[in-house]
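This report describes side-chain pairings and backbone features in a protein model. Please consult the sequence and the structure shown below while reading.

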Amino acid sequence: MKLPEEVKLILEKLTENNFQAFVVGGCVRDLLMGKEPKDWDVTTNAKPEEIQKIFPDSFYENEFGTVGVKVSRKVSPPNADIANSLQVVEVTTYRTESKYTDKRHPDKIEFADKLEDDLKRRDFTVNALAMDSEGNIIDLFNGQNDLKKKIVKAVGNAEERFSEDALRMIRAIRLATVLGFEIKTETLKAIKAKHLLMQIISKERIRDEFVKIINSPEAKAGMELLRETELMRYVVPEILEGVGVEQNLHHIYTVWEHNVRALQYACDKNYSTEVRLASLLHDIGKPRAKRGEGRNSTFYGHEVVGARMTAQILDRLKLSKNQTDKITKLVRWHLFYYNVGEVTESSVRRLVANIGKENVEDLIKVREADRIGSGTPKAKPYKLRHLQFVIDKVARDPISPKMLKVNGNDIMKLLDMVPGPKIGLIMSALMDEILDDPTKNTKDYLEKRVEELSKLPDKELLNLGQQGKSKLAEEEEKEVEKIKQKHFVS
C-alpha cells in the first residue's frame, strides 16, 4: 500500500501544521484490494481557508468544503512527456450532513472536528475507510472485513442512507457488479423498500451509473440485480417487457434471458460500450412484435420496433447523439440475412450503406452476441466469416486502371484521338508496368509512355495490352485471396 509521493506530501504538510489528514474512500478500498486508484481524496480537520494557506496553488469554488490542490504528477515512461503536467487532489474538511429533502443533496453541511463524524456519513463500509501517511488504516465500520467477505453493506442504517441519497441504491449495484461482490441482505432489502425514491434522480446520474454497470466484467449480474431490486424501472423499464416472454423454436431462453446473455458475451469479449448496449437492446422490440404463442410464435419487424424503442431510451438517458445514432443502427440492422451463395455483392453493398462502413465490424460483433445469447455454441460460423470477406472485398478499392495517374480522357487529349480500342490497350499496357514498379505511376512518366506506346505497331501494342490485363486479373486475385485467408474462408 504505497501512496503516490505527491499525495503523501499533502498529508505530511497538513500534519506538520498540526492538522489531521487521511486519504479516504474508494482509493483506500482499491489499495487494500491491490488495485491502483484512479482518484485520490484527502479528508482533514483543517478548514478550507486553512488548507489554502498551506497550499497556495489551490482553488475553492464550492460549498462542500472541498479544496482542489494542484500537484505535479510524477509518471514513468512511456508517459514521461506529461511528467510535469498539473493534477488535482481534492482535500475536504471533515463534515456532517443534515436531512436530504431532495433525496440527493444535503440541506445543510456543517464542518466537523472528528474523523468519525465524517466517516459515518459515507455510503458503504468498504468506502468508509481512511489511511494516514504511514499506511495505518482507520476502520470504524468493519469495512476491511466486508472487503474480505466481498460484501457491499451500507454504513449504519441502510434505509436512512438511501433516504439521504437515493442514487446510492444504484451505486450499490454498480459497486457489487464492478467488484464482483454481493450486496448484504439488509442493504438489499433496503433498496427494495426504498426504490420509489429513484423517481426524483436525474436521468444523467442514472445513466452514468448504468454505463459503469454495462462496462463491468459481470454486467449480466448487474442487470439481474437491477431487475430484482426493481431499479430497472428507472433505468430501462422497456427491457422488463421481455421477462418471462417465451421465444420460438430457434431460442431456448426467454427474451430477457437472451438479451442479458448477449450483453455478457459482449462483456466477455471486452467490446465497446456501444456494442454492449446494442447487444442488450437488440431484441428489445420482440415482446411488442410477438404474434402467436409457443414454439411457432413470430417476431416479424421486431428490429424496426426495437430501433425505435432504442432511440427513445437512449435519448431519455441523454447519451450523445453519435452514440445514440450508432447503437440504434446496430439494433435496426442486426437481423441482416446472409447465406453463402444466396446473397449478392450488391446486397452486401446495400447493407454497408445502411449501417455505415465504420459500423460494420461492430454489427458483426452484435450478431456474435445474438448467437451466443441464443444458446448456439459458435459465435462466428463460416457464413459470418464469409460475409466479412465479402464486405472487405466490396468495400476496398479494387486494383484497376483507375489507379493510374492518367485516365482515358488524358490519353485521348495527348494523342488527339477519339474513343476506341487503342485507348484501352494503352491503359492496360501502362497497368502492366506500374504493377511491376509502382514508382512509375507518375503523371510525367505515364504521359511520356503514352507517346511511346502510341507509336508501336498494332500487334505489339495488342500483346502488351493483353499482358497487362492478365497481370491485372492475377494481382486482383492475389488481393482477394489475402482477404479470404484473413477470414478463414475458401
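Over which ring does the charged end of Lys 286 sit? The ring is that of Phe 299, and the charged end of Lys 286 lies 5.0 Å from its centre. The model under discussion is predicted.

## Overall architecture

The protein has 490 residues, of which 49% are buried. Its secondary structure consists of 22 helices and 11 strands.

Of the contacts between residues at least 6 apart in sequence, 65% join residues at least 24 apart. The accessible surface amounts to about 24,900 Å², and carbon and sulfur atoms account for 48% of that area.

## Salt bridges

Side chains of opposite charge can pair when their charged atoms come close. The model contains 25 salt bridges. One of them joins Asp 118 and Arg 121, with an N to O distance of 3.2 Å. Asp 118 is buried, because its relative accessibility is 0%. Arg 121 is likewise buried, at 14%.

A further salt bridge joins Arg 316 to Glu 238, at 2.8 Å from N to O. This pair links distant parts of the chain, 78 residues apart: Arg 316 belongs to helix α14 (residues 302–316), whereas Glu 238 lies in the loop between α10 (219–228) and α11 (255–268). Arg 316 is partly exposed, with a relative accessibility of 26%, while Glu 238 is buried at 11%.

Asp 325 and Lys 321 also form a salt bridge, with 2.8 Å between N and O. The two residues are separated by about one helical turn, because they stand 4 residues apart in helix α15 (residues 321–332). Asp 325 is partly exposed, at 34% relative accessibility, and Lys 321 is exposed, at 62%.

## Aromatic rings

The structure holds 2 aromatic pairs. In the pair formed by Phe 124 and Phe 162, the ring centres are 6.5 Å apart and the planes meet at 55°, so the arrangement is tilted. This pair too links distant parts of the chain, its members being 38 residues apart: Phe 124 is in the loop between α4 (115–119) and β8 (129–131), and Phe 162 is in helix α6 (residues 158–164). Both Phe 124 and Phe 162 are buried.

The rings of Tyr 265 and Tyr 271 have centres 6.3 Å apart; their planes are at 70°, and the pair is therefore edge-to-face. Tyr 265 is buried, with a relative accessible area of 10%, and Tyr 271 is buried as well, at 13%. A charged residue also lies over the face of Trp 333: this is Arg 332, at 4.0 Å from the ring centre.

## Backbone features in loops

Most residues other than glycine have a negative phi, and most peptide bonds are trans. Lys 318 has a positive phi, near 60°. This residue is found in the loop between α14 and α15. Lys 318 is classed as partly exposed because its relative accessibility is 44%.

Asp 416 likewise has a positive phi, near 55°. The loop that contains Asp 416 runs between α19 (408–415) and α20 (421–436). Is Asp 416 buried or exposed? Asp 416 counts as exposed, because its relative accessibility is 72%.

Conventions. Residues are numbered from 1 along each chain as its sequence is written. This is a predicted model: local features need pLDDT of at least 70, side-chain atom pairs count only at pLDDT 80 or more; totals for chains, interfaces and linings use all residues. Side-chain values use heavy atoms; hydrogens and water are left out. A salt bridge is a side-chain nitrogen of Lys or Arg within 4 Å of a carboxyl oxygen of Asp or Glu. Buried means under 20% relative accessible area, exposed over 50%, partly exposed in between (1.4 Å probe, protein chains only). Contact means heavy atoms within 4.5 Å. Accessible areas come from the Shrake-Rupley method with a 1.4 Å probe; for residues, only the protein chains shown count as cover. Rings of Phe, Tyr and Trp (its six-membered ring) pair if their centres lie within 6.5 Å; planes under 30 degrees apart count as stacked, over 60 as edge-to-face and the rest as tilted. A charge sits over a ring if NZ of Lys or CZ of Arg is within 6 Å of the ring centre and within 35 degrees of the ring normal.
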